[in-house]
Amino acid sequence: MNLSKSRYTSGIRCEKLLWLDSYHKELADDMGNNSVLENGNEVGNLARGLFGKYKLIDFSKGFSSMIQDTKKLLDEKENVICEASFYYDGNFCSVDILKNDLDGVEIYEVKSSTDIKDIYIDDISYQVWVLKNCGLNVKKACIIYVNSNYIKNGELDIYSYFNIKDVTNDISDDNVLSYVIKFKNILDNKNEPSNDLSKSCHSPYDCPYFHYCTRNLPSPNVFDVGCSVRFSSKLEKYYNNIVTYQDLLDTGGFNDRACEQMLFELNNLPPKINKDKIISFLEQITYPVYFLDFESYQASIPTIDGTKPYQQICFQYSLHYYLEDGVELFHKEFLSDDYDGNPMYGLCEKLCQDIPKDSCVLVYNDSFEKTRLQEMAYLFPKFRDHLLNIKDNIIDLFPIFKKHDYYVKEMGGSASIKKVLPALFPNEASLDYHNLDQVHKGDEASSAFLSLKNLDDDKREELRCNMLKYCQLDTFAMVKIYDKLKEVVKKK
Ligand code: SF4
């Protein structure tokens, strides 16, 4: 089996990952990485314009045609070749952008991220090694990545949108040969490598084989501990063969909330309710009270003036509200139909109508909503005061659960609303996200919004309806949680 850039970098991270990815992809978890791939493709295509006119090697023609076409263009002294492809002794690589000068070549690896990760250096080292062995003089190697500080203003300026870092002096192709030999041996072997868990399981990306690789550990085990315990701390315990909850409790070293999580699960403890803390929380709330949740998407390449790469663009909200304590629950919502412009303008206009100034606004995990309101206040001076007023009146439900002032063992050490809700309401079908159609989580809502403009009317209406139901459940969940807090403090 040939090596490629992606196989080589998988091998650098973990040899078992390389082997599983090559022979048993069916064992991988679905990591929901589609939007990451789409962003990567869009950014890669955009970067091709950085050096003027270019020739693109056609990927669909297959590897041998790609290699032949590259050779032909090099012979013709073509100056910029994208996806320039090379093969040396079982090693294939396509260079994102190759600048072909009379005295040698420059290679540019394009990444859609906003920083440079160590693994990129391995990636480009492999390319340099292949090209050198194909007889090319590699003068310079660079990584092109996204400038997170770029703010779009008028036409997209690709020279400001991208950062280019010269990594020629950081790369080392001396070790590549020994890795290549090692990885080829692994691929030639029918037996799965025996690599143990390591930091590569979660860094720089979550490995999709983590469940597979931990399948023989007792359940629950150290990797099921939540409560903000770092993966490196869990690994340390694991390496010392401290894996079960009992062993972890006996040896100590994790934070109090993590110990509480384990004690609750081991001893099947009843819910913990810190009434004083919950009463103090509830005493802050005034009426009318609004329950707010935004949906948003991220665009790697900003299309809206005043926004940055990967900025969250809000397109939808749901708002439940009580005008008075213990009376009727009302609902309002917004879902933009501005698919090509700026959905945030209409959203802000309606939000300022729907939430009067100085109202109490409940959210779940306030950093997201507060940051969005701050960004939109900056974008729209017309609504600035009102949006900042909403932001300043936000009260967060999340800390009650994060700090375990209300804890139920089924939360499993997580304060995420998707864990808290079924833990508090285990048998309520109307609160079960699985019972929704089409849209069950935030990233599905983002993709749904971006797909709306290309749907025919019936399909668009159906999807919009399901998006509204999803977002409505998010705020209804908060209402139920709020009502539950009021209920539990009343109980003797
Ligand atoms: S989960 Fe860890 S050990 Fe398993 S393949 Fe991935 S990186 Fe390797």
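Before I start on the strands, a definition: two strands pair if DSSP finds at least two bridges between them. I also keep in mind that this is a predicted model.

**Entry 1**

I began with β3 and β4. Strand β3 covers residues 91-101 and strand β4 residues 104-110, and five bridges pair the two in the antiparallel sense. I looked for a facing pair and found Leu 98 opposite Ile 107 of β4.

Next I traced the whole sheet. It is open, with six strands in the order β1-β2-β3-β4-β5-β6, and its pairing is mixed. Which strands are at the edges? They are β1 (55-56) and β6 (162-166), each of which pairs on one side only.

Then I checked what packs here. Helix α4 (residues 63-75) packs on the sheet and touches β1, β2 (80-88) and β3. I noted an angle of about 120° between the direction of α4 and that of β2. Helix α5 (residues 118-133) lies across β2, β3, β4 and β5 (138-146), and runs at about 80° to β3.

**Entry 1: the five-stranded sheet**

I moved on to another open sheet, this one of five strands in the order β10-β9-β8-β11-β12, again with mixed pairing. Its edges are β10 (329-335) and β12 (394-396); each has a single partner strand, so one side of each is left without a neighbour in the sheet.

How many bridges join β8 to β9? I counted 10 between β8 (residues 289-298) and β9 (residues 312-322), which run antiparallel. In this pair, Phe 291 stands opposite His 320 of β9.

Helix α13 (residues 343-354) lies across β8, β9 and β10, at about 20° to β9.

On the other flank I followed β9 into β10. These two strands pair in the antiparallel sense over seven bridges, and Leu 319 has Lys 332 in β10 as its bridge partner. Their hairpin has six residues between the strands, and there Gly 326 takes a positive phi near 75°.

A reminder to myself: most residues other than glycine have a negative phi, and most peptide bonds are trans. So I went looking for exceptions.

I found a cis peptide bond between Ser 203 and Pro 204, with omega about 5°. Pro 204 lies in the loop between α7 (176-188) and α8 (210-213). Another cis bond joins Tyr 287 and Pro 288, with omega about 0°. I placed Pro 288 in the loop between α12 (275-283) and β8.

Which residue other than glycine has a positive phi? I noted Asn 241, with phi near 60°, in the loop between α9 (231-239) and α10 (245-251).

**Entry 2: the ligand**

Where does the ligand sit? I found it in the largest cavity. Around the ligand I listed Cys 14, Leu 17, Asp 196, Ser 200, Cys 201, Cys 207, Tyr 209, Phe 210 and Cys 213. Sorted by class, this shell has seven nonpolar residues, one polar and one charged.

Key: Residues are numbered from 1 along each chain as its sequence is written. This is a predicted model: local features need pLDDT of at least 70, side-chain atom pairs count only at pLDDT 80 or more; totals for chains, interfaces and linings use all residues. Side-chain values use heavy atoms; hydrogens and water are left out. A residue is near a molecule or strand if one of its heavy atoms lies within 4 Å of it. On a 1 Å grid over the protein atoms alone, a cavity is a set of points where a 1.4 Å probe fits but cannot get out, and a pocket is an open set with protein on both sides within 12 Å along at least five of seven lines; lining residues have an atom within 4 Å of a point. A molecule sits in a cavity or pocket if more than half of its atoms lie within 2 Å of its grid points. Ala, Val, Leu, Ile, Met, Phe, Trp, Tyr, Cys and Pro count as nonpolar, Asp, Glu, Lys and Arg as charged, and the others, Gly among them, as polar. Helices (H or I, at least four residues) and strands (E, at least two) are DSSP runs, numbered from the N terminus. Contact means heavy atoms within 4.5 Å. Axes are lines fitted to C-alpha atoms, for helices over the stretch in contact, and angles run from 0 to 180 degrees between N-to-C directions.
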